[in-house]
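Subject: Structure handover

Hello,

Here is the structure I promised to pass on. Please open it alongside this note; my findings follow below.

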Amino acid sequence: MSGTPSRAGHGPTRPVEGPSDADALVLAAPSAIGGHCPCSREAHDGTAAATGTSGFLRVAFTRGGLSPPGEWVRAAGDGAGVRVVDSTPCSVGSGESGEREGEEGVVTVTASGPANLTDVGVRVTDALDDMDATAGDTGGGSGGPVCCLGSLTALLQYVDDREAYRFVNAVTARVASLGGTTHAHIEPAAHDRRTIDTMASLFDVVAEPSSAGDGLDVVRSRRR
């Protein structure tokens, strides 16, 4: 059974455009080019620092999700730092640990893998704290960070729904406390409706790639 949320009882879809203070669950895998990230237009337009974004954080559970969108990296040139928490299953076995430099302006830290969400949570908290502390010094925005959790589909191969729910809830709460926003990626065909709905309950909106292929459309919203 498809896990795509029903549109019954909701108005027509509408695009996710520009800077937004809404946390979003995206019904698509994360992309290195940022096409399925709600904040990518903001970064692409070069308004990340101007709109108060202190930086970007991607938590990666797949190798394909390790590279942050190029738009984020370009935005980092204006002081909006980019960090990646490498939570892929083979991250620790690679022999690398702690902090390492990747692309210019991108700092990557390794975690113990998706089965150890306590360690992943510590790395995420440390990254957010560091971004918050250094935003003013680097010339970045004084506002909150943008956090991308991808992919929850990969995460749910290692932990159950309850543990994943607690983790996502903790991350979104921490990012919100810093004045930022979180979006997460999940592939609906891989889950039943109950799992999708459980995760969706943590977000303001649920969005999917638009049929035109040029952005995201909201298919469910808790906002009036």
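Where is Ala 29 found? Ala 29 sits in the loop that runs between strand S2 (24-26) and helix H1 (40-44). Keep in mind that this is a predicted model.

Is Ala 29 buried, exposed or partly exposed? Its relative accessibility is 32%. Buried means under 20% and exposed means over 50%, so Ala 29 counts as partly exposed. Gly 64 lies 35 residues away from Ala 29 along the chain. The C-alpha atoms of the two are separated by 9.6 Å.

Now the overall picture. The protein has 224 residues, and 51% of them count as buried. Its secondary structure comes to 6 helices and 10 strands. Take the contacts between residues at least 6 apart in sequence: 71% of these join residues at least 24 apart.

Next, helix H6, residues 193-200. Four names to look up there: Thr 195, Ile 196, Met 199 and Ala 200 are buried. They cover an arc of only 130° around the axis, so they are on the same side of H6. An α-helix has 3.6 residues a turn, so residues three or four places apart point the same way.

What covers the buried residues of H6? The cover includes two helices, H4 (152-155) and H5 (161-177). It also includes strands S2, S9 (205-209) and S10 (216-221).

H5 deserves a separate look. Two packed helices are described by the angle between their axes and the distance between the axes. For H5 and H6, the angle is about 20° and the axes are 10 Å apart. Angles under 35 degrees count as roughly parallel, which means that H5 is roughly parallel to H6. The crossing of H5 and H6 is right-handed.

Which residues meet there? From H5 come Asp 161, Ala 164 and Tyr 165. From H6 come Thr 195, Thr 198 and Met 199. By class, this contact has 3 nonpolar, 2 polar and 1 charged residues. Thr 195 and Met 199 are also among the buried residues of H6.

One last item concerns the backbone. The peptide bond from Gly 150 to Ser 151 is cis, and its omega is near 0°. Ser 151 is found in the loop between strand S7 (146-150) and H4. H4 is also one of the elements that cover the buried residues of H6.

Best wishes

Conventions
Residues are numbered from 1 along each chain as its sequence is written. This is a predicted model: local features need pLDDT of at least 70, side-chain atom pairs count only at pLDDT 80 or more; totals for chains, interfaces and linings use all residues. Side-chain values use heavy atoms; hydrogens and water are left out. Buried means under 20% relative accessible area, exposed over 50%, partly exposed in between (1.4 Å probe, protein chains only). The arc is that of the directions from the helix axis to the C-beta atoms. Contact means heavy atoms within 4.5 Å. Axes are lines fitted to C-alpha atoms, for helices over the stretch in contact, and angles run from 0 to 180 degrees between N-to-C directions. Angles under 35 degrees count as roughly parallel, over 145 as roughly antiparallel, 65 to 115 as roughly perpendicular and the rest as oblique. A crossing is left-handed if the near helix is turned anticlockwise from the far one by less than a right angle, and right-handed if clockwise. Ala, Val, Leu, Ile, Met, Phe, Trp, Tyr, Cys and Pro count as nonpolar, Asp, Glu, Lys and Arg as charged, and the others, Gly among them, as polar.
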